[in-house]
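Biologist: I would like to go through this model with you. Please give me the rule each time you use a term.

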Amino acid sequence: MKFSLNRDAEYSLVVPTSMGVRICPHDRQPVHSSSAFTLQVTSAETNVASVSSYLGLPVKVLTAFVKDSPFARIIKDDLAGRHMDYEGREVPQGGPWGYRHQINIADSGFGARGPRVWNDRAGEVGRDISIDDFDVERIFGAEGAGILHLSGLIAALSPETGRLCLELARAAKKYGTLISFDLNFRASFWKNREEELRAIFTEIAANTDILIGNEEDYQLCFGINGPSVHGMDIKSGIDAYKEMITQIKTVFPETEVFATTLRQVTDSNSHMWGALLLAGDEWHVVEPRSIAVLDRIGGGDGFVGGLLYAILREWEPEKWIRFAWACGALAVASLTDYCQPADEEQVWSIWQGNARVKR
């Protein structure tokens, strides 16, 4: 199958997001016993967009910044270094107890010790991003976009950002932009908000062309009964996923593409990594195979970024899932939580299992 892309669009990909920083200990140490840390710029949505931006496609980021904040300066410089355009309201800090950019504190884990993530999002400037902050007629009408990508993280951040995602989806649809939605369920975001978030997620999903999520995402976001694939053998797990996605497709019949990663954790440094894709009425499967893991955070975002890039390049669906799988594998082989492909050849070498030196 092939989508009808807006080939005259100024931007291949547009993402709304709340930007922040990630702090990681050196040498794969746990956070609580470390004294040396590295800081990097992060958000799930720009993680996804990085595949396209590093491979030369134009990307726009819709966000908000704390005015005069040094972290805002770091974020803007980092986005520019990733070849991304950005726009967003400059919000006065309001004093030391006012607004700030989110802080994500995480280690990579090692061997039998799994990674741990601590989110510090109090006073986050991105919680107040509103549809009124952006000229959607200009962005989707005059400039144009191939795909609008939404994540369950920005959609669940606050009632304002949930409405932002829904209104962006409606505006994008009006101008023929494809809409992608990665559910990204987080229990801490949903606590005591299940009814509110299920309603907004269902409305957003009803407007999407591409829907991504694992078995827990689909069940918890939409209240649909489905399997627990943990402990299943590979064939049984894939069959259970197919059955669940077939059920989801009856709820969202306008959605053309459904995708999920298949991950089994052997230890922090070794995963079985696979993927499943339903494009139209055709299934495409990458059965899990072993990959080495330097830092698992961002593997799912790399997968989604590879999928969207392959769709934007108008390849056949069989190549979509392979490129997406390989981008996820590349992301976890890096200490950044996003995929930075040097070129398409590097990604295809990972798919082919070719780790030989390239001279």
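Modeller: Start with E137 and K174, whose side chains meet in a salt bridge, 3.2 Å from N to O. E137 lies in helix α3 (residues 136–143) and K174 in helix α5 (residues 159–174), so the pair ties together parts that are 37 residues apart in sequence. Helices are DSSP runs of H or I with at least four residues, and strands are runs of E with at least two, numbered from the N terminus.

Biologist: What should I know about the model itself?

Modeller: This is a predicted model: local features need pLDDT of at least 70, side-chain atom pairs count only at pLDDT 80 or more, and totals for chains, interfaces and linings use all residues. Residues are numbered from 1 along each chain as its sequence is written, and side-chain values use heavy atoms, with hydrogens and water left out.

Biologist: Why is K174 called exposed?

Modeller: Exposed means over 50% relative accessible area, buried means under 20%, and partly exposed is in between (1.4 Å probe, protein chains only). K174 has 57%, so K174 is exposed. E137 has 38%, so E137 is partly exposed.

Biologist: Is E143 buried or exposed?

Modeller: E143 has a relative accessible area of 15%, so E143 is buried. E143 also forms a salt bridge with R138, with the closest N and O atoms 2.9 Å apart. R138 is at 28%, so R138 counts as partly exposed. K60, E87, D135, R138 and E143 are linked in a network of salt bridges.

Biologist: What makes α11 largely enclosed?

Modeller: Twelve of the 15 residues of α11 are buried, so α11 is largely enclosed by the rest of the structure. Among the buried residues are W320, F323 and W325.

Technical notes
A salt bridge is a side-chain nitrogen of Lys or Arg within 4 Å of a carboxyl oxygen of Asp or Glu.
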